[in-house]
Amino acid sequence: MSKIGFCFTGEGARGSVQAGIALGLYNQNIVPDFTIGVSSGSICAASYSYLGAQGLVDMWSEINGMFDVFGFNWLFPWKRGILNQKPMEKIVKKVMQYNTPLCESIVSRMYIEDGFIDYVSNKRSTKDEFAEAVLGAVAITALVEDRNGWVDAGSRQLAPLEQCLQNGCDKVYVILGRKFEMDTWKIPTGFFPILKMGYRALDISLNEMMLRDINKCLKNEGDFGYKNIDIHIIEPNDTIFESMEFSKCKEGVKYGKDNYSILDRKGLVSALNL
């Protein structure tokens, strides 16, 4: 029998779109035996493991704004970071407190001193250890105080497909919160155009990183010892909001559930010009 893996990329607030997509897949009887995530995708991967598809959707639906996820450091922000993770700690602890894992989940975090990427499994760690790894996996470098040096791995990796394969998955669904291919974009006017352009530049960088991760896995699958990987990219039909717009999470969940497309291996290889 196939072992199905869900790979959640890092999407910020668009993790809500990924949650909606995961519920849509569940309604098609596509359920993972293994989940992995990077950045906000770590929250999705871990929460799916403990709560299932509907529970993941419910968790994202309770987020109404950025400060439901991050708190503001009023004292000494130049030492401790502008933001803290106290609201997120409550979310993560609530997810794990009374639940046992439905499947194995791995989160990806990076050690800030040397860039080492660590993969932490809920089957090989205690609940407290795994919760700490999840929080480290979404600690934004330079904005959130790092957790003993562990921070968001999204600056190095966005689609950890190799980990899915190494854990025995022969069918992998990479779940995105944005379109697979970047849409055209107009230089913004009005308030804070530089900030908007910064978000755009970040999106382009993250998209290129995701393509690199997928491309590497497909081009070198023989080197990894895997043949004919059954890989699917699941994308929303449109990129409906920016990664920091946490006020739109309810909208993201509803959109993702019914508005996604599946790009299979043949279409993926064509899109990547392999």
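**Helix α2 and its surroundings**

Helices α2 and α9 are roughly antiparallel to each other, a label given to angles over 145 degrees. The model is a predicted one, in which local features need pLDDT of at least 70 and side-chain atom pairs count only at pLDDT 80 or more, while totals for chains, interfaces and linings use all residues. Residues are numbered from 1 along each chain as its sequence is written, and side-chain values use heavy atoms, with hydrogens and water left out.

The angle between α2 and α9 (residues 249-258) is about 150 degrees, and their axes lie 8 Å apart. In this packing, V57, W60 and S61 of α2 meet C249, K250 and V253 of α9, where contact means heavy atoms within 4.5 Å. Sorted by class, this contact comprises four nonpolar residues, one polar residue and one charged residue.

Helix α2 itself covers residues 40-61 and spans only 15 Å between its end C-alpha atoms, whereas a straight helix of 22 residues would span 32 Å at 1.5 Å a residue. A kink of about 120 degrees is centred on L51, the bend being the angle between axes fitted to the seven residues ending there and the seven starting there. Because 18 of its 22 residues are buried, α2 is largely enclosed by the rest of the structure; buried means under 20% relative accessible area, with a 1.4 Å probe and protein chains only.

Residue A19, located in helix α1 (residues 15-27), has 0% relative accessibility and therefore counts as buried. Leaving aside residues up to four places away in sequence, A19 touches L56, V57 and W60. The C-alpha atoms of A19 and Y255 are separated by 10.0 Å, although these residues are 236 residues apart along the chain.

Notes. Helices (H or I, at least four residues) and strands (E, at least two) are DSSP runs, numbered from the N terminus. The expected span of a helix is 1.5 Å times one less than its number of residues. Buried means under 20% relative accessible area, exposed over 50%, partly exposed in between (1.4 Å probe, protein chains only). Axes are lines fitted to C-alpha atoms, for helices over the stretch in contact, and angles run from 0 to 180 degrees between N-to-C directions. Angles under 35 degrees count as roughly parallel, over 145 as roughly antiparallel, 65 to 115 as roughly perpendicular and the rest as oblique. Ala, Val, Leu, Ile, Met, Phe, Trp, Tyr, Cys and Pro count as nonpolar, Asp, Glu, Lys and Arg as charged, and the others, Gly among them, as polar.
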